[in-house]
Amino acid sequence: MLGERLKRFRLARGMTITQLCAAIDHLVSNTSLSKYERGIAQPSVKVLNRIAATYGIKSAQLWGEPTCKVESIAFRKRSKLGVREENQIKAFVAEEVEKRVWLLEQFPEQNTFDLPIRGIKINKLIDTEEAAYKLRKTLNLGIDPIGNLTSVLEDQGVFIIEVKASEGFDGISSIVNYDDKNHTTVAIAIRAGIPADSQRLTLTHEVGHLILDIQDGVDHEKVANRFGAAFLAPADQFHKDVGKKRNNVKIEELCYLKEKYGMSIQAILYRLKDLRIITNSYYKEWCISINKLGWKKHEPVELQPEKPYRFHQQICYALSENLITKKESTYLFNQTGQTSPEITDNIRYRFLEKTKKERDRILSKQAKEMSEFYENDIEWREWEGAFIESENS
């Protein structure tokens, strides 16, 4: 177990054995570090403490059992993603999930997770339309466009983790089991910095992998794509906006639909085709035009980002209620792999130094501002065109 933990924490930080050796000032050799990770030798307390300090964690975290079991359901990547980066991403996500689970366990009461994991059967592609309606009903969303999808999912207890990765990485969906009561939640990891419409479709795509029970012979990726589009743009509401049959669609209307549904123009066109509102040939004409206009990655209309916020809010809450210490909150605040030598100049650290009464006042003010922001925010970022037919699709 120690060897596995040593390796995973190293991989999460994108470090090689040689880099780790240098980081601990060659306290032991590369060969010794390799033996520790393979479980054929044991590090001394001094070495273990030095490694833990390098990783910015407690040495007990290296010895201890994982706080949860993470079962990856889908890892979406492209061929250009290297093995080393893939392993780093998996290790990074595992550590970030552990942080969130550990924090949850500090609360006296935990929210119930109600998403139907593998609970909706899909026998054929068209079943995704009804599945999307079922999930919306479960979440009491009706059929209106969703203002902030990230907020909706986080309110259901979904861990949303942003990963700084190359364009070869799309997303990971995982089931997370933790504590002796066998609590379950899910985690979705997505690439940081992607446009909002790409982000939203990636999130719904991964939700599809988590909640749908896809039968043999049905293409999992096509199902997840169709589910994601149906969840963001329910057929009934979409038909109200665009009608049942169209011969032509203007760019101005596509831009309006993009802003309303938080989906890219390319995804909107694909949705029109899926619902047979436009013909396949007309859709292909638009694909050609989009490629010529250079809109495959950079569409007109810039959409504002959605940011996960719940984890940081929970850290502030736990700190304010003295459920965690300042040192623990610092580790939680810092994203895996980031050290904090300049933490004394950081606004979060200054927050931690304040009295409980002052922290409560600040948190109350921020909660009010955050509430107003999410109530009024209706803009989005563009989505990279995964739907456009090309040699990469």
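Modeller: Keep in mind that this is a predicted model. Leu6, Leu20, Leu33, Tyr36, Glu37, Ile51 and Tyr55 line the largest cavity. Two elements, α3 (30-38) and α4 (45-55), each give two or more residues to that lining.

Biologist: Which element gives the largest share of the lining of the largest cavity?

Modeller: Helix α3 does, with three residues.

Biologist: What is the volume of the largest cavity, and how many cavities of 30 Å³ or more does the structure hold?

Modeller: The volume is about 40 Å³. The structure holds one cavity of 30 Å³ or more.

Biologist: How is the lining of the largest cavity divided by class?

Modeller: Six of the lining residues are nonpolar, one is charged and none is polar.

Biologist: With which residues is Phe227 in contact, leaving aside its neighbours within four places in sequence?

Modeller: The list is Thr128, Ala131, Ala132, Leu135, Thr204, Val207, Gly208, Ile211 and Leu212.

Biologist: How do I read the burial pattern of a helix?

Modeller: List the buried residues, then look down the helix axis. In helix α12 (residues 251-261), Leu254, Cys255, Leu257, Lys258 and Tyr261 are buried. Their directions fall within an arc of 165° when seen down the axis, so these residues line one face of α12.

Biologist: What covers the buried residues of α12?

Modeller: The cover includes α9 (196-211), α10, α11 (235-242), α13 (265-274) and α14 (280-293). Just after α12 comes Gly262, with a positive phi of about 65°.

Biologist: Where do residues other than glycine take a positive phi?

Modeller: His26 is one of them, with phi near 55°. His26 sits in the loop between α2 and α3 and is exposed, because its relative accessible area of 56% is over the 50% cut-off. Asn322 is another, with phi near 60°.

Biologist: Is Ser29 buried, partly exposed or exposed?

Modeller: Ser29 has 36% relative accessibility and so counts as partly exposed. Ser29 is in the loop between α2 (17-23) and α3. The C-alpha atom of Ser29 is 8.7 Å from that of Thr18, and the two residues are eleven apart along the chain.

Biologist: And where is Arg38 placed?

Modeller: Arg38 belongs to helix α3 and counts as exposed, with a relative accessibility of 54%. Between the C-alpha atoms of Arg38 and Lys7 the separation is 8.5 Å, although these residues are 31 apart along the chain.

Biologist: Which figures describe the chain as a whole?

Modeller: The chain has 18 helices and six strands. Of its 393 residues, 49% count as buried. Among contacts with a separation of 6 or more, 74% are between residues 24 or more positions apart.

Methods
Residues are numbered from 1 along each chain as its sequence is written. This is a predicted model: local features need pLDDT of at least 70, side-chain atom pairs count only at pLDDT 80 or more; totals for chains, interfaces and linings use all residues. Side-chain values use heavy atoms; hydrogens and water are left out. Contact means heavy atoms within 4.5 Å. On a 1 Å grid over the protein atoms alone, a cavity is a set of points where a 1.4 Å probe fits but cannot get out, and a pocket is an open set with protein on both sides within 12 Å along at least five of seven lines; lining residues have an atom within 4 Å of a point. Grid points are joined across faces, edges and corners, and a volume is the space filled by probe spheres set on the points. Helices (H or I, at least four residues) and strands (E, at least two) are DSSP runs, numbered from the N terminus. Ala, Val, Leu, Ile, Met, Phe, Trp, Tyr, Cys and Pro count as nonpolar, Asp, Glu, Lys and Arg as charged, and the others, Gly among them, as polar. Buried means under 20% relative accessible area, exposed over 50%, partly exposed in between (1.4 Å probe, protein chains only). The arc is that of the directions from the helix axis to the C-beta atoms.
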